[in-house]
Amino acid sequence: MEFGLSEDQKLLQESIGRTLEKVSPLERVRKAADEHAAYAGDVWQALSELGVAGMLIAEEHGGMGMGLLDAALASEMLGRHVAPAPFVATAVMAPIALAGAGSKAQQAAWLPKLASGEAITGVAVSERAAGAREGAGVAASGGKLNGTALFALDAAGADIFIVADKTGGLHLVTGDAKGLTRIALTSIDLTRPLGELRFDNVEAEPLSSGDAGAALKRMVDAGRVMLAADTLGAGWAMIEKAVAYAGERKQFGRVIGSFQAVKHMCAEMAAELEPCRSLVWYAAHAFDTMPDEASLIAAHAKALTSETGRFVARTATEVHGGMGFTDLVGLHYWFKRIGLNRQLLGSPERVRHEAAVLQGWAAD
Amino acid sequence: MDLAYGPEYEAFRAEVRAFIAQHGAQAPRRFGVSRPSEETQNWQRLLIEHGLTARTIPKEYGGYGAEPDILKSRIIAEEFTAAGLPMGIANQGISMLVPTLLELGTEEQKKKWIAPTLRGEVVWCQGYSEPGSGSDLASLQTKAVEDGDDFIINGQKIWTSTAHASDMIFCLVRTEPEAKKHEGISYLIFSMQTPGIEVRPLKTMTGHAEFNEVFFTDVRVPKKDIVAGRGHGWFVANATLKHERGMLGDPNQAGTRLKEITDLMHKETMDGTRLIDHPVYRDRLVALQARVFAMQFHGLRLLTAAAKGEDPGIARLIVKLQGCELNHQLAALAIDALGEIGVLYEDSPHLRAQGAWQHRYMFDLGLIIGGGTAQIQKNIISERGLGMPREPKPAKA
Ligand SMILES: Cc1cc2nc3c(=O)[nH]c(=O)nc-3n(C[C@H](O)[C@H](O)[C@H](O)COP(=O)(O)OP(=O)(O)OC[C@H]3O[C@@H](n4cnc5c(N)ncnc54)[C@H](O)[C@@H]3O)c2cc1C
Ligand SMILES: Cc1cc2nc3c(=O)[nH]c(=O)nc-3n(C[C@H](O)[C@H](O)[C@H](O)COP(=O)(O)OP(=O)(O)OC[C@H]3O[C@@H](n4cnc5c(N)ncnc54)[C@H](O)[C@@H]3O)c2cc1C
């Protein structure tokens, strides 16, 4: 019995962290955000060189063949550095969909390109995972898609999309398909743009070689664990910034970190967030090894980390006083990242309801 | 990451299950909070004999004498919890005094006290807190003055759990009034029958007298009944407190409670609808389930670190704070789910679970306060865990 990271995993996480520190400092994040860039190409390239794009893709398709816990460690680092790069859709959810429900030909056509980072896949499953808003939804019939998908992930620079239809079927659509309109949605978080996709008789290939329903469930589970890990990383970064700021800022003739009110805010943040790390690790491990528990623990990880993330984001900002409210220190990038993660792929309220359904405590 | 235990441990698990199948019926139904009954003592002896409690304590001191193996201890806890059986006695003598004597006692002290304490025959209380010294324990004032081969003790302790039912006390006293606050304290062990000791039960908010005031008037204690020498009491006390905090905030207990509440919400109804079918109560249950899971997995993480001899840092410092709070919130949900039935107490008609939920809800608050209050835990987390500035020294009185 061993509940912890291997030496390899620790090294992997450190090296991703070091790379992001170099290529994605706050100035780089700010530039990408100010430009409303689809993503920072240099950051994505550096991550791809480390193998992050192909972590979950089998070696035969040019990936690293790693597990979801490895991906969670990467995601934690991306959150920690508020990296303006695609990840959840293209490096995690899309490979799971293609491996689970794609044909040999579809896998051969796309997995190597995803693994190298050369192609990016957007994922549009919000209506299934978080609930349909604004009457959105996509209907599939005769190989054509019609309707609207909101809140597509990693959408801005995507070369292809994986789209869930209203019945849970999965479809592959190329980014330049005729009849597809791509609209950028501006959220609070400018490090990861969201997309709206409008389909007007758009040609689509179904992902129908495996069990698409199961693949959809798996990709959503994995995506939830990744978002939880992202919030974990972003949250800890905020705690560390708050502690550091409190150790320098003086008021009333002493550093504010010596006021117990400030210390206790920091202690509460740490005490609430650290157990989420254990939950995220377990959820990722369960995804790979305990199929019966995977969905339940993924839901719990997403909900609890989102709730805790909200508390940390506002409290760490408060510790910074008026400075935390400004654009100057850039703390808001973390605040907003955590804010977006909370709503994506199911809010805490929604995933807790799913957790109840999974245990037979509520009707679907 | 590998959550399988492996063949050696699965074999051990099978042994534990076999024991439970064979002897489970002999388990005492109720563990009293004070003196172990004869039935409890018999159960305790059986557990020791089979290495299911006092497992790593050397045979010569009345234990089972196995090599320390954290995973085996956990398997025992898992199986007993799953079977709903009480584990060995976990009173303050066994949880706190025994490990302290093993670490710092003389050979004579170990030989004399450990075995009967383990068997539940000798019951101890912890005499640390005083009316003027709670969180600031090192300010304690109970005096022990040298007189020939004895110390003569005068002063008062308070919040002393189970003192009314104890044979012995491990007690902090000031032996060197001239020394600095932390350096003038000694750790004495003596009989509660010693002349000059008066125990006055203090009724708590639960309605029971779980703790006491203890008054010392010219209490004579032989000098040899000191642990680790004069002026070293603060060091000994910290060794003891480390064992106490490990005990509080146990996530297995939270797991058991979660199961009980889940059952309760499936059985109890309001307007004819089961509580589990009420979306607001159900949401609270699911939210707490996530917290219980997080603390259980957190426990696995700490266990792994301990087995490897690694210091898990801040991950360890948060357990008392988070664990006690979680237990308290679980009790609160059970009470809320029961509504007006949830406030019934004592022997009222319609009472559920002998009033256990209200009792736990109140007693948990005691545990949030005792053993280092929540605020003291936050001081520790921020100072030792996050490296924030220490409290400024209090002004000289
Ligand atoms: C939206 C907004 C509008 C504003 N408008 C104006 C304006 O029009 N004019 C103007 O003059 N100012 C304005 N301010 C400034 C505002 O009054 C200060 O931000 C506020 O008084 C806090 O001071 P600070 O930012 O320096 O934080 P700090 O005083 O540095 O506080 C940082 C953290 O330390 C804590 N802290 C500080 N001292 C103690 C203590 N003794 N005990 C416990 N905790 C302590 C604080 O609570 C906070 O969490 C504005 C601020 C904001 C956010
Ligand atoms: C159920 C129960 C069983 C107990 N059993 C025993 C026992 O067997 N033996 C024994 O010796 N003692 C026992 N105690 C005593 C326990 O250790 C003390 O109650 C505890 O250490 C707190 O001390 P106090 O009650 O004097 O509170 P105080 O120290 O007076 O604290 C009062 C309030 O002030 C806060 N406070 C104090 N200092 C600080 C600080 N530096 N920073 C921030 N906040 C602070 C506290 O957090 C608390 O909220 C027991 C207590 C309880 C509740």
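This is a predicted model: local features need pLDDT of at least 70, side-chain atom pairs count only at pLDDT 80 or more; totals for chains, interfaces and linings use all residues.
On one side, 44 residues of chain A make contact with 46 residues of chain B. The size of an interface is often given as the accessible area lost when the parts come together. Here chain A and chain B bury about 4,000 Å² between them, and carbon and sulfur atoms account for 66% of that area. Within chain A, the residues that lose the most area to chain B are M1(A), K263(A) and W361(A), which together make up 22% of what that side buries.

The side of chain A that touches chain B draws at least two residues from each of α8 (212-248), β10 (254-255), α9, α10 and α13 (348-358) of chain A. Of these elements, α9(A) gives the largest share, with 18 residues. Sorted by class, that side of chain A holds 25 nonpolar, 10 polar and 9 charged residues.

Side chains of opposite charge can pair when their charged atoms come close. Between chain A and chain B there are 6 salt bridges. E274(A) and R301(B) meet through their side chains in a salt bridge, with an N to O distance of 2.6 Å. Over all chains, the whole structure contains 48 salt bridges. An example within chain B is the salt bridge of R17(B) with E79(B), whose closest N and O atoms are 2.8 Å apart. This pair links distant parts of the chain, since R17(B) belongs to helix α1 (residues 7-23) and E79(B) to helix α3 (residues 70-83) of chain B, 62 residues apart.

Attention can now turn to the ligands. Around ligand 1 there are 13 residues, of which R249(A), F252(A), E318(A), V319(A) and G322(A) come nearest. Three of these nearest residues also place polar atoms by oxygen atoms of the ligand. For R249(A), an N or O atom of the side chain is 2.5 Å from an oxygen atom of ligand 1. For G322(A), a polar backbone atom is 2.6 Å from a ligand oxygen, and for E318(A) a backbone N or O atom lies 2.8 Å from one. Ligand 1 taken alone exposes 970 Å², of which the protein buries 42%. The shell around ligand 1 takes at least two residues from each of α9 (260-289), α10 (291-319) and α11 (321-325) of chain A. Its classes are 8 nonpolar, 3 polar and 2 charged residues.

Ligand 2 has 19 residues around it, and those that come nearest are Q126(B), S129(B), S135(B), T373(B) and Q375(B). The site is shared between chains, because residues from chains A and B surround ligand 2. From chain A, a polar side-chain atom of Q260(A) lies 2.9 Å from a nitrogen atom of ligand 2. From chain B, a backbone N or O atom of Q126(B) lies 2.7 Å from a ligand nitrogen, while a side-chain N or O atom of Q92(B) is 3.3 Å from an oxygen atom of ligand 2. Taken alone, ligand 2 exposes 960 Å², and the protein buries 68% of that area. In chain B, β3 (150-161), α11 (356-369) and α12 (374-385) are the elements that give two or more residues to this shell. The shell around ligand 2 consists of 5 nonpolar and 14 polar residues, with no charged residues.

Key
Residues are numbered from 1 along each chain as its sequence is written. Chains are lettered from A and ligands numbered from 1 in the order in which they are written. Side-chain values use heavy atoms; hydrogens and water are left out. A residue is near a molecule or strand if one of its heavy atoms lies within 4 Å of it. A polar contact is a pair of N or O atoms within 3.5 Å; within protein, one must be able to donate a hydrogen and the other to accept it, and residues adjacent in sequence count only if both atoms are side-chain atoms. Accessible areas come from the Shrake-Rupley method with a 1.4 Å probe; for residues, only the protein chains shown count as cover. Helices (H or I, at least four residues) and strands (E, at least two) are DSSP runs, numbered from the N terminus. Ala, Val, Leu, Ile, Met, Phe, Trp, Tyr, Cys and Pro count as nonpolar, Asp, Glu, Lys and Arg as charged, and the others, Gly among them, as polar. Contact means heavy atoms within 4.5 Å. Buried area is the accessible area (1.4 Å probe) that two parts lose on being put together, summed over both. A salt bridge is a side-chain nitrogen of Lys or Arg within 4 Å of a carboxyl oxygen of Asp or Glu.
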